[in-house]
Structure formats: structure tokens, C-alpha cells
Amino acid sequence: IYLTVHEAVAQLMPCDVFAIVLANPAEDVLHAVYLADGEGRWPPRDVPSDGLCGYVMARSGVVQIDDLATDQPFVVRYFGSTRKVRSILAVPIGGDGDIVGMISTQAYEPSAFDARHRLLLETIAAQFARWDPELKIAGLRFSNVMDVEDYKAFPSFDADPMKRKWNLWGYIDARDGAQAVRKAIEAEFKGFEAFIIANADTVMS
């Protein structure tokens with residue numbers, strides 16, 4: 001199954017490095033069950049929780065990093081080649097209401113992934129979940145995330161509405177986004193579901 005997922009991802013998007021990591025709640029460890037890069041397959045191994053998988057599981061959502069050289073929110077470790085990864089796209093894997101691992105594709109070039117790749121990896125993750133009917137994956141597609149201090153800029157958007165057309169004038173309050181993550185974890189469903197996370201109003205007055 002793991003090799004099939006890897007081959008599918010490699011055909012659809014950049015995939016210089018690929019990993020599937022699963023958690024073992026009984027032992028409180030993360031286990032990399034499938035690891036591959038340009039030098040080949042690497043043996044499965046336990047991995048620390050302060051790395052990419054732990055970060056993905058803590059966020060409970062898709063993680064996309066355009067350039068790891070300037071955006072490194074977790075401890076970076078290399079399992080094979082020491083060539084530096086620049087771009088990362090990772091999708092969490094869930095089961096029984098808990099996030100239990102991740103699927104990640106990575107590239108040596110910066111800005112290698114876009115919204116189309118995110119959708120494709122979520123779709124592949126959905127198929128992965130169907131192989132195990134007990135798995136749950138919630139794909140949360142956030143609108144432009146706004147903090148409280150960002151609201152003071154809203155009135156200025158009226159002067160040129162076309163500047164916000166790129167996001168159809170939508171947004172999501174960061175606090176509501178956090179609530180969406182919690183509800184996704186608590187939701188009782190199996191398989192894959194995608195949700196657009198946006199507030200009911202817009203940034204326009």
C-alpha cells in the first residue's frame with residue numbers, strides 16, 4: 001500500500017522525498033513506516049515528535065511550506081540524502097477522532113507546490129483512508145486567516161474592492177479557524193471530507 005501511494009504521488013506532483021509516518025498511541029511514539037528519496041528506500045524507524053510529523057499532527061491540518069530555508073517551524077532531520085529540502089506538502093492521517101500520522105511529499109526546489117497539489121494530495125490521502133475504513137481525514141481549506149489586529153484594515157478595502165478579489169473577499173478569524181480544527185478532530189465520520197473554512201461575512205463593508 002505504501003509503495004502504491006508513493007508512486008501515485010510521484011506521478012502527480014514534485015516528489016524528491018516522500019514519507020508516511022504513523023503514531024502508536026500505546027507506545028507514544030511516531031514510526032516512519034515508509035521513507036524514500038532520490039537515493040532510494042530507507043528502513044522504517046521511530047522519529048522524534050518535534051519534527052515534521054509531530055508538527056502536522058499538532059496542527060491537525062495540511063501543512064505547506066514554500067521555502068524551508070526561511071520558514072522552519074519544526075526540527076529538521078534527514079533520513080537519507082543530506083541534500084536540503086526546500087518545499088514541503090504534508091497531509092495528516094486521522095482515525096477514531098484522533099490524528100494518527102501523516103503523508104508528506106517534499107522537493108529540493110522552493111515553492112514547488114500549489115493549491116492543485118494540495119487538492120491532489122488530499123484526494124490521495126482519501127484513498128489511503130478508504131483502504132482502512134477506520135481512518136478519518138478532514139481536509140480543512142482555510143480562507144485568508146485574520147487576527148484581531150487585522151480588522152482595523154478592513155475599512156480600507158472598500159476603496160479598491162478588486163484588491164481582495166483573489167480570495168472572493170472572504171476571510172476566517174484565527175479564533176474560528178482554531179475552533180474548526182477542534183471540531184474536525186471531534187467529528188464522528190470515517191473516510192475523507194473536505195471543508196472550506198470561512199466566516200459568513202466578508203472583509204467588505
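Where in the protein is confidence lowest, and where is it highest?

**Figure 1. Confidence across the predicted model.** Strand β8 (residues 135-142) has the lowest confidence, at a mean of 78, and β10 has the highest, at 96. The score is pLDDT, the predictor's confidence in each residue, from 0 to 100. For the protein, mean pLDDT is 87, and 90% of the residues reach 70 or more. Helices (H or I, at least four residues) and strands (E, at least two) are DSSP runs, numbered from the N terminus. This is a predicted model, in which local features need pLDDT of at least 70 and side-chain atom pairs count only at pLDDT 80 or more, while totals for chains, interfaces and linings use all residues. Residues are numbered from 1 along each chain as its sequence is written, and side-chain values use heavy atoms, with hydrogens and water left out.

Figure 2. Asparagine 167 sits in the loop between β9 (145-146) and β10 (172-173). Its relative accessibility is 19%, so asparagine 167 counts as buried (under 20% relative accessible area; exposed is over 50%, partly exposed in between, with a 1.4 Å probe and protein chains only). The side chain of asparagine 167 reaches the backbone oxygen of glycine 170 at 2.8 Å. Leaving aside residues up to four places away in sequence, asparagine 167 touches Ser143 and Asn144 (contact means heavy atoms within 4.5 Å). Leucine 168, also in the loop between β9 and β10, counts as exposed because its relative accessibility is 63%. Its phi is positive, near 50°.

Figure 3. Most residues other than glycine have a negative phi. Serine 111, however, has a positive phi near 50°. You will find serine 111 in the loop between β7 (98-107) and α3 (115-131). Serine 60 follows α2, and its phi is positive too, near 55°. Within helix α2 (residues 52-59), the buried residues include Leu52, Cys53 and Met57.

**Figure 4. The largest pocket.** This pocket has a volume of about 560 Å³. Its lining has 19 residues, and Val62, Arg118, Leu140, Arg141 and Phe142 lie nearest its centre. Two or more lining residues come from each of α2, β5 (63-65), α3, β8 and α4 (174-186). On a 1 Å grid over the protein atoms alone, a pocket is an open set of points where a 1.4 Å probe fits, with protein on both sides within 12 Å along at least five of seven lines; lining residues have an atom within 4 Å of a point. Grid points are joined across faces, edges and corners, and a volume is the space filled by probe spheres set on the points.

Key:
Polar contact = N/O pair within 3.5 Å; in protein donor to acceptor, adjacent residues only side chain to side chain.
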